[in-house]
Amino acid sequence: RLGLQTETLGRQIHHEESVDSTQKIAHRLAYEGAQEGTVVIAEEQLSGRGRMDRRWHSPKSTGVWMSVILRPNIPPPKAPQLTLITAVAVVQAIEVLTDLTPQIKWPNDILMNGKKVTGILTELQADADRIISIIIGIGINVNQELDDYPDELKDIATSISIEKGEKLSRAELIRVLLGKLENLYKLYLDKGFYPIKLLWESYAVSIGKNLTARTITGSIYGKALGITEDGVLMIEDSSGKVHHVYSADIELDV
Ligand code: BTN
């Protein structure tokens, strides 16, 4: 129906009208043994989830609310790499379909004109040393107008249609995105993370800039040097010490 040209991603698609969260459904399907590449898409999410226990605003038929099940044979600490692969795939898909170039803010936000257009949430089902499945949740704001956003999001969120000035087909976006994601995922399984890291860094806003990383244990201020092989952010503070940041909220200096 979508005219997919992929081999595995999206071969099984569960398209739902209204769900709590596509993540929840994908977790259940993965647990029940769903094959790699299974995709859950919903028109609307009643309790879409974001990182750090936040909610993800997912109004009806305006965005891409999607979860993808992957089963890579990698150790759990490498799972964040999948978030970065997905971010590159989303940027490439938006680039193909519009003349806009979104930017990536580590680890998983995709920005247009400094406002968030996409969020990615990667969750694991894993043993101590083995990943059983990775559920990648992708939320892309596609055809919302500014009026569709609640007040607290108006200054920080945007959509492709707000930036482009016209609506974009969600089906087309999903088709192109799954194609890009499959290509990058294959490249990753074949050649490792390094080629992805280069692509990711070419789209990243934060590299070379001063920023504050708020982690659960405190804030670090310094210059973002880049990411490690595992996708961990490196920040150099004013004393020259390099911090490795695994999970944080990032605020760029203006
Ligand atoms: C974030 O930036 O905090 C991540 C947002 C992830 C949202 C997507 S929408 C599809 C999938 N289902 C969810 O409940 N969340 C993810």
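**Close-up views of a predicted model**

**View A. Ile216, a loop residue.** Ile216 counts as exposed because its relative accessibility is 90% (exposed means over 50% relative accessible area, buried under 20%, partly exposed in between; 1.4 Å probe, protein chains only). Ile216 is found in the loop between β10 and β11 (218–227). From Asp148, Ile216 is 68 residues away in sequence and 32 Å away in space, C-alpha to C-alpha.

This is a predicted model, in which local features need pLDDT of at least 70 and side-chain atom pairs count only at pLDDT 80 or more, while totals for chains, interfaces and linings use all residues. Residues are numbered from 1 along each chain as its sequence is written, and side-chain values use heavy atoms, with hydrogens and water left out.

**View B. The five-stranded open sheet.** The strand order is β13-β12-β11-β10-β14, with antiparallel pairing (strands are DSSP runs of E, at least two residues, numbered from the N terminus; two strands pair if DSSP finds at least two bridges between them). β13 (242–245) and β14 (249–252) are the edge strands, each pairing on one side only. On average, neighbouring strands of this sheet are turned by 45° against each other, direction ignored (axes are lines fitted to C-alpha atoms).

**View C. Strands β10 and β14.** Strand β10 (residues 210–215) runs antiparallel to β14 and is joined to it by four bridges. Thr212 stands opposite Glu251 in β14.

**View D. The aromatic pair.** The count comes to one aromatic pair (ring centres of Phe, Tyr or Trp, its six-membered ring, within 6.5 Å; planes under 30 degrees apart are stacked, over 60 edge-to-face, the rest tilted). Tyr188 and Phe193 form this edge-to-face pair, 6.5 Å centre to centre with 90° between the planes. Both Tyr188 and Phe193 are buried.

Definitions and conventions: Axes fitted to C-alpha atoms, helices over the stretch in contact; angles between N-to-C directions.
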